[in-house]
Amino acid sequence: MNEMFDAAIVGAGPAGISAAYLLAERGAKVVLLERGEYPGSKNMFGGVLYGRALERIIPDYLRKNCPVERNIVESRIFYASQDGGFSIGYRDRAFFEDKRNNAFTVGRAKFDRWFADQAKAKGALIVSATVVTDLLRDSSGRVTGVKTDREDGDLQAKVVLLADGVNSPLAAKTGFRREVKPENVALAVKEIISLPPEVINERFGVAEADGITVEILGDVTWGMNGIAFLYTNRNSISIGIGANLADFAERKAKPYEMLENLKAHPMIAPLIKDGKSKEYLAHWLPEGGYETIPRLCGDGFLIAGDSAMLFNALHREGSNLAMASGRFAAETILEALQYQDFSHRGLQGYITRMQDSFILKDMEKYRRFPSFMENHKELFSSIPRLAGLAAREMLTVDDTPKRTRQHLIWKAIRGEMTLMQLLRLLWDGWRSV
Ligand code: FAD
């Protein structure tokens, strides 16, 4: 292609589509390149999208038939041992009234496609089934476009936005992002289990359009640093589990076996009973936190979303960071177009926007969280086991005196950890959040 684009965007996920939408809306000549057959065809996530982040891009997204599954009105957390677990949940009137503006479930195949269609309607050129293989540079090293796997597929652009997700060889090619280490990513698998809407409504105590999320921590990840989840869709349940890639390699554990084990857990099995398996998906997610974020822009390019390792593991936020970073990238590109300065200096506004926003503030706040999880594997082994033992003992009613039971619990705790270790865990946990 001999055409010159104002911006070429690599990757039609939430980050890339957000930027393409806003740039096209403001009249920029923008091309969005996606390796999948269509936007969303290759994408998966747990399932919770955040309305406020989307609203900043398409204020009336609900009227534009955004393919929402269920509005999230309750969040539950299970802390599970192999045989049982604790459960807490929070439901709020505000989440019912503030329909879909807070959090809702979506399926990426439908959502990304819909979102990309909105960008197309604004004038963005969407080119699917095309893999960007490299960056084009001029003699000074400035990025001037992208190389694709299509014949005659070089494409010139004043600026390139890398929004190609966590496994981004292109970001590595900029020299800004280090090779992804196994300890900085998690591998997650997810199964979609279909169930009639009325069964979901009854099991989770919700009305047709409302839903809940469940995050499951503890021994379900077999002592590895990870988490599981269960989210309600309109007529299906998304259930998944993931753990640090380095832990998987060390333990030689198989993710799908871990998922099968989760599905048989006494707190989970009744929730998915009689469901039919519809789809099985796997994906990486960035978990290295603040320390692994690369420099966010250079001469002729910017990096957004997962490609920039933007993921808040504690709060399960990634899609909103992707959409917001895509928005900031678009605003910066529009500024650069105005001044015709696409050097790293001309794109500095992106870094300022990111620093002034919740994105880098939150990533920085939780900078110790990844190492806390990595250094305290007892959270996924002995602690849930001991907590389960304590609860089972105190809730089992027979003729054993309670003092004898307490004695047994303390003995088990002292056999696994010292008071100092427990205090260390609490202190490190406090500091990490
Ligand atoms: P992606 O969504 O990964 O999109 C990148 C796009 O680039 C893809 O479409 C890909 O096909 C394309 N691409 C890649 N390479 C190329 C190339 N060379 N050429 C052309 N195209 C290319 N976040 C939440 O907010 N809520 C959740 O509930 C949640 N749960 C998650 C559960 C799991 C199991 C996982 C894996 C992630 C979860 N996330 C969640 C995180 C969230 O999915 C990501 O943060 C978000 O998708 C990042 O968006 P993105 O646009 O940066 O990247």
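Before you start, keep in mind that this is a predicted model.

**Stop 1: the domains.** Domain 1 is built from 4-69, 106-178 and 294-356, domain 2 covers 186-286, and domain 3 runs over 371-432.

**Stop 2: where domains 1 and 2 meet.** Now show domain 1 and domain 2 together. Their centres, taken over C-alpha atoms, are 29 Å apart. Domain 1 brings 14 residues to the contact and domain 2 brings 18. How much area is buried between domain 1 and domain 2? The value is about 1400 Å², and carbon and sulfur atoms give 63% of that. One salt bridge is found across this interface.

**Stop 3: a charged pair.** Select Arg316 and Glu215 and display their side chains. The two side chains form a salt bridge, with 2.7 Å from N to O.

**Stop 4: the cavity.** The structure has one cavity of 30 Å³ or more, and the largest cavity holds about 110 Å³ of space. To find its centre, select Gly289, Phe311, Asn312, Ala313 and Tyr366, the nearest of the 13 lining residues.

Stop 5: Highlight helix H12 (358-365) and helix H13 (369-375): each gives at least two residues to the lining of the largest cavity. What kinds of residues make up this lining? Nine are nonpolar, two are polar and two are charged.

Conventions: Residues are numbered from 1 along each chain as its sequence is written. This is a predicted model: local features need pLDDT of at least 70, side-chain atom pairs count only at pLDDT 80 or more; totals for chains, interfaces and linings use all residues. Side-chain values use heavy atoms; hydrogens and water are left out. On a 1 Å grid over the protein atoms alone, a cavity is a set of points where a 1.4 Å probe fits but cannot get out, and a pocket is an open set with protein on both sides within 12 Å along at least five of seven lines; lining residues have an atom within 4 Å of a point. Grid points are joined across faces, edges and corners, and a volume is the space filled by probe spheres set on the points. Helices (H or I, at least four residues) and strands (E, at least two) are DSSP runs, numbered from the N terminus. Ala, Val, Leu, Ile, Met, Phe, Trp, Tyr, Cys and Pro count as nonpolar, Asp, Glu, Lys and Arg as charged, and the others, Gly among them, as polar. Domain bounds come from an automatic or database domain assignment. Contact means heavy atoms within 4.5 Å. Buried area is the accessible area (1.4 Å probe) that two parts lose on being put together, summed over both. A salt bridge is a side-chain nitrogen of Lys or Arg within 4 Å of a carboxyl oxygen of Asp or Glu.
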